[in-house]
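Please keep the sequence and the model at hand while reading.

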Amino acid sequence: MSPFVLAALLFALGLGTMITFASSHWLLAWMGLEINTLAILPLMAQHHHPRAIEATTKYFIAQATAAAVLLFASTTNAWLTGQWDIQLTAHPLPVTLTTLALALKMGLAPTHSWLPEVMQGINYTTALMLSTWQKLAPFVLLLQLQPANPALLLALGAASTLVGGWGGLNQTQLRKILAYSSIAHMGWVTLVLQFSPALALLALLIYFTMTSSAILMFKLNNSTNLNSLATSWAKAPVIAALAPLILLSLSGLPPLTGFMSKWLILQEMTKQDLMPLATLAALSALLSLYFYLRLAYSLTLTVSPNTLVGTAPWRHPTSHLTLLLSTSTVAAIFLLPTNPGSRRTSFYM
């Protein structure tokens, strides 16, 4: 792809998200989401591979459906209330339709089925954009919506944590595992969105840091499945040594960064007298822990079962930029010990 075309698409991607951030009118927010969607489609299909074209088509259909439902919900709200302001959406019908449309855009369960298939068909760079930047605009709209009845968001969050943990158990493709990890983490964010928006934003940013580190690590090693992880020691020993810490941070084990957001979310849910839901979310984290440990085991304690054809890939020096990988890796591992509230957190442990 030409650098000028790439720059134009990245500019449009950022412009669409910024328009959604700054808008208080439903039509402007919808326009920003559409610009955002149309900008990422050429990036997903740039390799002209049948899997990439299939993933792009699936992503376009899912996002077009969500955009149509969102436009219908906003028009219905304007017809019922006479208002186009996002924060004045109060009628139960448009609120429910809007929440479901934004859940479809974010990949929350039960509207999640497109996300693993799309992630599997695109490269790691576009998968990183899909897992991080593309979540921001729907999240901001959910943050502004704030329906009076949080039952729908709680149901979506609980279903996403369960589906994200359960769906990743039998996967061998790394991009599908990352997709189910995204579903599970978005479920955690959705659970606390109604009660503490600042905490939901913190959890989202921590997830962005951890998943950026994991995706960039897999991209550096050129790993696509569990078997290819076994050659990571020969390619990049330092990254392979830090990889289990990154994966355990994604699972939420202390004293790593991922523990911070999950502990604070569980604490907030118990304050809201949602102990059964908090217990369910904590148990679903054990499902995610299993496949993260499976990845760590494949990275550190296994040998590749197949003889690699051709020149050994670790004999070629890497040309990837590692500044972002090193920064996100340090943040994914060491943020919790440097947190001012870590002493108080360790007291409750």
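The numbered points below go from the basis of the model to its helices, cores and backbone details.

1. Basis of the model. The model is predicted: local features need pLDDT of at least 70, side-chain atom pairs count only at pLDDT 80 or more, and totals for chains, interfaces and linings use all residues. Residues are numbered from 1 along each chain as its sequence is written, and side-chain values use heavy atoms, with hydrogens and water left out.

2. Overall content. The protein chain has 16 helices and zero strands; helices (H or I, at least four residues) and strands (E, at least two) are DSSP runs, numbered from the N terminus. Of the 349 residues in the protein chain, 53% are buried. Here buried means under 20% relative accessible area, exposed over 50%, and partly exposed in between (1.4 Å probe, protein chains only). Contact means heavy atoms within 4.5 Å. Among contacts between residues at least 6 apart in sequence, 78% join residues at least 24 apart.

3. Helices H6 and H10. Two packed helices are described by the angle between their axes and the distance between the axes. Axes are lines fitted to C-alpha atoms, for helices over the stretch in contact, and angles run from 0 to 180 degrees between N-to-C directions. Helix H6 (residues 124-131) packs with helix H10 (residues 197-221) at an angle of about 170°, the axes being 10 Å apart. H6 is therefore roughly antiparallel to H10, a term for angles over 145 degrees, whereas those under 35 count as roughly parallel, 65 to 115 as roughly perpendicular and the rest as oblique. On the H6 side the contact includes Tyr124 and Leu128, and on the H10 side it includes Ile215 and Phe218. By class, the residues of this contact are eight nonpolar, four polar and one charged. Ala, Val, Leu, Ile, Met, Phe, Trp, Tyr, Cys and Pro count as nonpolar, Asp, Glu, Lys and Arg as charged, and the others, Gly among them, as polar.

4. Tyr124. This residue is found in helix H6 and is buried, with a relative accessible area of 9%. Not counting residues up to four places away in sequence, Tyr124 touches Leu174, Arg175, Leu178, Ile215, Phe218, Lys219, Ser223 and Thr224. Tyr124 and Asn222 are 98 residues apart along the chain, and their C-alpha atoms are separated by 9.3 Å.

5. Helices H12 and H14. The axes of helix H12 (residues 237-251) and helix H14 (residues 275-300) come within 9 Å and cross at roughly 180°. The two helices are therefore roughly antiparallel to each other. Leu247 and Leu248 are among the H12 residues that meet H14, whose side of the contact includes Tyr292 and Leu295.

6. Nonpolar cores. Which residues have the most contacts inside the largest nonpolar core? They are Tyr59, Phe218, Leu247 and Leu295, in a core of 58 residues. H10 gives the most to this core, with eight residues. Domain 1 (1-122) and domain 2 (149-306 + 321-337) both give residues to the core, so it lies between them; the domain bounds come from an automatic or database domain assignment. A second, separate core of 41 residues includes Trp26, Trp188, Val189 and Leu204. A nonpolar core is a set of buried Ala, Val, Leu, Ile, Met, Phe, Trp, Tyr and Cys residues joined through side-chain atoms within 4.5 Å.

7. Backbone details. Most residues other than glycine have a negative phi, and most peptide bonds are trans. The peptide bond from Ala109 to Pro110 is cis, with omega near 5°, and Pro110 lies in the loop between helix H4 (92-106) and helix H5 (114-121). The bond from Pro254 to Pro255 is cis, with omega near 5°; Pro255 is in the loop between H12 and helix H13 (258-271). Asn222 is not a glycine, yet has a positive phi of about 55°. Asn222 lies in the loop between H10 and helix H11 (232-235) and counts as exposed at 61% relative accessibility. Asp273, in the loop between H13 and H14, has a positive phi of about 60° and is exposed at 60% relative accessibility.
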